[in-house]
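Here is a protein to explore by question and answer. Keep the sequence and the 3D view open as you read.

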Amino acid sequence: MTALAPTPAPGPAPAPGGSGDERLAPASLLRRLLGRPELGAVVGAAAVFVFFSFAAPSFLQASSLSTILYAASTIGIMAVPVALLMIGGEFDLSAGVMVTTAALVSSMSSYQMTANVWVGVGVSLLVTLAIGFFNGFMLTRTKLPSFIITLGTFLMLTGLNLGFTKLISGTVSTKRISDMEGFPSARALFASQWTVGEVTLKVTVLWWIALVAVATWILLRTRAGNWIFAVGGASDAARAVGVPVVKTRIGLYMGVALCAWISGQHILFSYDVVQSGEGVGNELLYIIAAVIGGCLLTGGHGSAIGAAVGAFIFGMTSNGIVYAQWNPDWFKFFLGAMLLLAVLLNAWVRKRAEARA
């Protein structure tokens with residue numbers, strides 16, 4: 001007689017999704033939210049908005065919203081590529097003065113050539129991209145820290161901006177070019193504005209939104225986005241698996257240069273005159289916006305949306321202090337406090353996300 005095989009003990013019930021492996025179960029909404037790098041910035045933005053809503057009644061007026069959006073967009077246009085660069089593990093201390101360089105080259109080229117201003121705009125684009133390429137090329141060839149490379153570029157551009165402007169114009173500012181051919185069309189692209197109800201929207205807001213959308217698509221939907229995270233997280237390991245580390249870093253610096261060109265053209269065609277000493281110190285604002293938005297100083301973590309939220313916090317704070325009729329000297333204090341709080345909150349959110357992973 002053949003013995004019957006023992007009946008196996010019943011195992012654990014399968015997960016509702018049809019698989020018994022918990023790792024295959026869809027992540028909860030809370031876990032996905034905690035994993036987002038911009039969560040801390042969104043919470044901070046909500047807190048700043050509520051605070052100034054009570055501290056400054058005029059903060060909620062439509063005209064105030066116009067001013068806040070404009071201030072946020074001028075920082076946000078540069079904060080987005082700086083955030084991508086920081087995700088890639090690098091810095092650019094020349095970003096602020098590069099904006100001024102782009103405006104100066106466009107203005108002086110147009111004036112000296114007595115040509116259509118679009119000629120100057122094109123020359124400015126080539127020069128600015130060349131500066132971005134120089135930063136990336138020097139970084140990858142010399143292996144020096146990006147802090148040193150871009151600090152050198154910052155100092156050189158600061159001197160060149162002042163020296164060439166005084167050499168060509170005889171003063172520290174450029175000549176007016178508003179009477180030249182092509183100026184109206186260039187102003188329409190880089191410095192126009194529209195009124196929607198009681199809100200006046202400047203074209204920089206549209207540039208800002210478009211750049212955030214493109215950068216987010218690159219990070220989350222393209223192979224280049226994977227390369228950026230990989231280079232920032234572990235460049236040696238990324239190189240070992242075939243990631244083009246050199247091209248990725250050079251491309252990131254040229255992305256910063258492209259946005260610096262956009263910002264520079266806005267300054268030129270908004271005011272017609274460019275001061276050669278402008279832009280010094282703005283690079284810190286771009287980095288602060290990116291850090292508040294969730295970018296780590298060590299690279300490999302962050303988002304373009306977070307940088308945009310960080311820029312929006314900057315816009316609310318810089319104008320909220322004015323609307324509350326406080327001494328504007330306190331602005332830097334609030335900016336520093338927000339930076340520390342944002343870093344601490346982002347670190348806490350990241351730890352919670354890793355604990356739940």
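Q: Is Glu90 buried or exposed?
A: Buried means under 20% relative accessible area, exposed means over 50%, and partly exposed lies in between (1.4 Å probe, protein chains only). Glu90 has a relative accessible area of 9%. That value is under the cut-off, so Glu90 is buried.

Q: What kind of model is this?
A: Residues are numbered from 1 along each chain as its sequence is written, and side-chain values use heavy atoms, with hydrogens and water left out. Local features need pLDDT of at least 70, side-chain atom pairs count only at pLDDT 80 or more, and totals for chains, interfaces and linings use all residues, since the model is predicted.

Q: Which residue meets the side chain of Glu90 in a salt bridge?
A: A salt bridge is a side-chain nitrogen of Lys or Arg within 4 Å of a carboxyl oxygen of Asp or Glu. Here the N to O distance is 3.3 Å. The partner of Glu90 is Arg249.

Q: How many residues apart are Arg249 and Glu90?
A: Helices (H or I, at least four residues) and strands (E, at least two) are DSSP runs, numbered from the N terminus. Arg249 sits in helix α11 (residues 245–271), while Glu90 is in the loop between α3 (62–87) and α4 (95–113). The pair links distant parts of the chain, and the separation is 159 residues.

Q: What is the relative accessibility of Arg249?
A: Arg249 counts as buried. For Arg249 the value is 15%.

Q: How many salt bridges does the structure hold?
A: One of them joins Asp272 and Arg176, whose closest N and O atoms are 3.6 Å apart. Asp272 lies in the loop between α11 and α12 and Arg176 in the loop between α6 and α7, so this pair ties together parts 96 residues apart in sequence. Another joins Asp236 and Arg239, with the closest N and O atoms 3.3 Å apart. The structure's total is 3.

Q: Which helix holds both Asp236 and Arg239?
A: Asp236 is exposed at 59% relative accessibility. Arg239 is partly exposed at 38%. They are 3 residues apart, about one helical turn, in helix α10 (residues 235–240).

Q: Which helix gives the most to the nonpolar patch?
A: A patch is made of residues with over 30% relative accessible area and no salt bridge; like charges are joined within 9 Å, nonpolar side chains (Val, Leu, Ile, Met, Phe, Trp, Tyr) within 5 Å. This one consists of Phe134, Met156, Leu160, Phe164, Leu167 and Ile168, with about 580 Å² of accessible area together (Shrake-Rupley method, 1.4 Å probe; for residues, only the protein chains shown count as cover). With 5 residues, the main contributor is helix α6 (residues 146–169).

Q: How far apart are the C-alpha atoms of Ile250 and Phe134?
A: Phe134 is found in helix α5 (residues 117–142), and Ile250 is in helix α11. Phe134 is partly exposed at 35%, whereas Ile250 is buried at 12%. The two are 116 residues apart along the chain, yet their C-alpha atoms are separated by 8.3 Å.

Q: Which residues does Ile250 contact, leaving aside neighbours within four places in sequence?
A: Contact means heavy atoms within 4.5 Å. By that rule, Ile250 touches Phe133, Gly136, Phe137 and Thr140.

Q: At what angle do α5 and helix α7 (residues 183–190) pack?
A: Axes are lines fitted to C-alpha atoms, for helices over the stretch in contact, and angles run from 0 to 180 degrees between N-to-C directions. The two axes are 8 Å apart. The angle is about 45°.

Q: What word describes α5 relative to α7?
A: Angles under 35 degrees are roughly parallel, over 145 roughly antiparallel, 65 to 115 roughly perpendicular, and the rest oblique. The angle here is about 45°, so α5 is oblique.
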